[in-house]
Each structure stands twice: as C-alpha cells, then as structure tokens.
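The exercises below are to be worked with the sequence and the coordinates at hand. Each task is followed by a solution in steps.

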Amino acid sequence: MSCSEKYVAYMHEYLDEEISTEHEKELKEHLLKCPECQKHFQELEKSLALVKSIAHVTTSDDFTLNVMNRLPKEKKKVGFQRWLRHHPLLTAASLFLVLMVGSLFSSWNTGHNLSVSKQPNLIVKNDTVIVPEGEVVKGDVVVRNGSLRIDGQIDGNVTVINGTVINGEKYLASAGDVTGEIEEINVIFEWVWYHLKNMAKEAINFFEESEQSQGVTAFLW
Amino acid sequence: MDAIVKKRIKQVLKGDQNAYAEIVEIYKDKVFQLCFRMLGNRHEAEDMAQEAFIRAYVNIASFNIDLKFSTWLYRIATNLCIDRIRKKKPDFYLDAEVSGTDGLTMYSQVPSDSALPEEEVESIELHETIQREIAKLPEKYRSVIVLKYIEELSLNEISKILDMPLGTVKTRIHRGREALRHQLRNV
C-alpha cells in the first residue's frame, strides 16, 4: 500500500466526519482508480458495521434493585421526612395527639392551688370545699387539688381532681344528696382520659345541637 | 431528560436515596453495555456496572451539577473497567487454544445447553466473534472504539470521559479502526 498513507489519513478524516470537501473529492476520485485503497476502505467500513451490529445489549431486570440494595444506608432523618410527606393525614393526627397530651400533662403539673367551680353557697375551708347542710348547690361541682365534703345537696355531677370526696359513706345517697355522678381523678392517665372524654362529649353535644337547629330550620321551611 | 436527571441528582444530594433509582434506570443499559464490551463477560460486566453506579452515588457530592451526568458516569465506569482489565490475569480464556489440539478452543468443549435454530446460532457465533476481536484490542484502543461505536458518543465527549486531549482520542480511534480492520476483514 504505497500510495495509501495520505489517503488512509483521508479515510479516517471521513470516518470521523471531519473531512473537508476538497479532501473528500480527492479521496473519492482516488478510490475509483485504486482497487487497493478501495479494498482498505471497504474493510474499514465493514469492521465498523460489524462492531456497531453488536450494540444494544440489555441488563438483567433486577439490576436497579441490586444497585439500590448495595447502596450505603441513607440517613434515618431523610427516610422519616419522606414518610411524613407521604402520610400527611397521619402526620397531622399524630402531631395533634402529641400536642394534646403534652398540654394536658403540663396543665396537670401546674397549679397545685385549690380551685373550685363557682357556686355561691359553697364554703371553702383550708383545702376542703364544703357543701353546707340544708343547702342545695345547683350545677356541676368541680374541685381541684382539694377535697369535697358534702353535707347538703348537689344538683349535678361531682368531679374531684387530685383529692377525695370526704364523707364516711361516700358514693352513697346519704352522703348528702348528689343527683349526678361522682368522679375522683387522682392519676395522670385518668386526668388525660377525663379530658378526652369531655372533649368527645362536647363534640357530640355540638353535633346534636347543630342537628337540632338544622331540624328546626327544616321544620320552619 | 437532562432536566429530570438534574432534578433527581438534587434530590439525591439532599439525601433522598429513592431518587437515585430513576437515574440507575435511565443509564443502566448504557453503562452495562460499556462494561460488557470492555470486559467481554456478562457476569463481570454486571458487577462492574453496579459498582460504577455505587461509586457515582457515594461520590455524588463531588459531581458538578452543571456538567453532563452521563459523561461523569461513563468516566467512572470506564476507569473501573480499565483497572479491572489491568489487574486481571489472563490465565484462563474459553477461547484460548487447547494445547495439543489444532485450532480447538475451550468453546468446543462446552456443550451448548439447547438446540437453537441455525440462523440464531450463526448470529450468536458472529456476535461472539466480534466480541472476541474487540476484546483482543489493547485496552487503550478498546475504550475509545467502544465509546465511539457501541455507545455512539462524539469525539468531544470521549475526550472528556477519558480526560485526554481530542488529538489523542483521534489517534487512538484511527489505530483502533486499523486494528479492527485487520482482525475482522475475514469474518
């Protein structure tokens, strides 16, 4: 291949798609009259076509999974954040619960002072609230951080938080008269439970009221 | 597609591992093919391709987001394969001639597991021949030829992937083509 050095260089320029128009013209003219160079060029093109023909192999289906399994573990924080993003409702609900219980805990811990619901005829003595004999207390009585002695009558429910109902015969009708329920709350979980129950009751009341008012409006219509 | 890849990379940078799965999905065949043609062995190639993706993930913080991700990924894969080729002891090849026989290779001693239609056998044999001839190329020519003719990348991209001047890439491609011409002209 004596003549070829120059033309082989042109061939590679051509294959790199970087050949100038003059070189291309020169190469074409030369290929027409030189069978040796023609053969060389055809062999080049053939080998490249063969190489290109074996492209397009594909991996196994579980390739990505295998890679993902071999990656170093991601930070927990991110996994948690992604979980939060994907479960907004659960996130909101659990956040609500945490705040709820937290606030109840703190309100349990604060205020060790005696407090009592405001009814005019209740008497407060030290940390004991007394329902005097012969008196009728209207409405629910709530005593916090103190005891309740019932000598008279209560027309409603009794709740004593962090204290006791003092009377030899508590819970009996003769312990003065209580028309509603008597409840003593001394443990924090009871306290939480009590609040949740209250909230549920209020919610039910609210719905019942709105239903009633709807009923009324419907009736008026 | 580049926009999707960039977005996923940013998510990965924030630590979201799942975003990486999509990147793997996009490039897995390309990277596997590169490794397969460089190494000539499916099993080894799959291992190397996985390793390339894992290295890319571990070092993703050092990737410049303004550059092309594929270039960076191919560079990792190519370097891994070149390392592997250099380390590998060429002690046992199926296509090595069995001593004392005339032109018999180990291939002829491996029973084929199923009877295939003749055409298929022929095309598989042709593919194997081509693969073997590519594998015979010196590694410095093999990488440029595979990147150019199997992965169909531009000379510019190849020079970036191999971190080598464009002139060097061209010289290697020219020599690689001449070597292939010699090896494949009688196929």
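## Exercise 1: A strand and its neighbours

Task: Which residues of strand 8 (residues 158-161) of chain A point one way and which the other way, and which strands pair with strand 8 of chain A?

Solution. 

Step 1. In strand 8 (residues 158-161) of chain A, V158(A) and V160(A) point one way, T159(A) and I161(A) point the other way, and all are buried. The model is a predicted one.

Step 2. Strand 5 (residues 141-144) of chain A pairs with strand 8 of chain A in the parallel sense, over four bridges. Opposite V160(A) of strand 8 stands V143(A).

Step 3. Strand 8 of chain A also runs parallel to strand 11 (residues 182-185) of chain A, and four bridges join them. T159(A) has E183(A) in strand 11 of chain A as its bridge partner.

## Exercise 2: The make-up of chain B

Task: State how many helices and strands chain B has, and what share of its residues counts as buried.

Solution. 

Step 1. Chain B has eight helices and zero strands. Along the sequence the pattern reads α-α-α-α-α-α-α-α.

Step 2. Of the 187 residues of chain B, 45% count as buried, the cut-off being a relative accessible area under 20%.

Step 3. Among the contacts in chain B with a separation of 6 or more, 59% come from residues 24 or more positions apart.

## Exercise 3: Salt bridges within a chain

Solution. 

Step 1. Over all chains the structure holds 17 salt bridges. In chain A, the side chains of E26(A) and K6(A) meet in a salt bridge, at 2.8 Å from N to O.

Step 2. In chain B, E25(B) forms a salt bridge with K28(B), and the closest N and O atoms are 3.2 Å apart.

Step 3. R84(B) and E44(B) meet through their side chains in a salt bridge of 2.9 Å, N to O.

## Exercise 4: The interface of chain B and chain A

Task: Describe the interface of chain B and chain A by its area, its residues and its polar pairs.

Solution. 

Step 1. The size of an interface is often given as the accessible area lost when the parts come together. Between chain B and chain A about 3900 Å² is buried, and carbon and sulfur atoms give 60% of this area. Y149(B), R177(B) and R181(B) supply 17% of the area that chain B buries against chain A, more than any other three residues.

Step 2. The contact takes 45 residues from chain B and 37 residues from chain A.

Step 3. The interface has 20 residue pairs in polar contact, both residues being at pLDDT 80 or more. Five helices of chain B each supply at least two residues of the side that touches chain A: helix 2 (18-39), helix 3 (42-58), helix 5 (118-136), helix 6 (139-150) and helix 8 (166-184). Helix 2 of chain B gives the most, with 11 residues. By class, this side of chain B has 21 nonpolar, nine polar and 15 charged residues.

Step 4. Five salt bridges are found across the interface of chain B and chain A. In one salt bridge, the side chains of R181(B) and E43(A) meet at 2.5 Å, N to O. A network of salt bridges links K39(A), E43(A), E178(B), R181(B) and R185(B).

Note on methods. Residues numbered from 1 in each chain as written. Chains lettered and ligands numbered in written order. Predicted model: local features only at pLDDT ≥ 70, side-chain atom pairs only at ≥ 80, totals over all residues. Heavy atoms only, no water. Contact = heavy atoms within 4.5 Å. Buried area = accessible area lost by both parts, 1.4 Å probe. Salt bridge = Lys/Arg side-chain N within 4 Å of Asp/Glu carboxyl O. Polar contact = N/O pair within 3.5 Å; in protein donor to acceptor, adjacent residues only side chain to side chain. Nonpolar A, V, L, I, M, F, W, Y, C, P; charged D, E, K, R; others polar. Buried < 20%, exposed > 50% of the residue type's maximum accessible area, 1.4 Å probe, protein only. Pairing = 2+ DSSP bridges.
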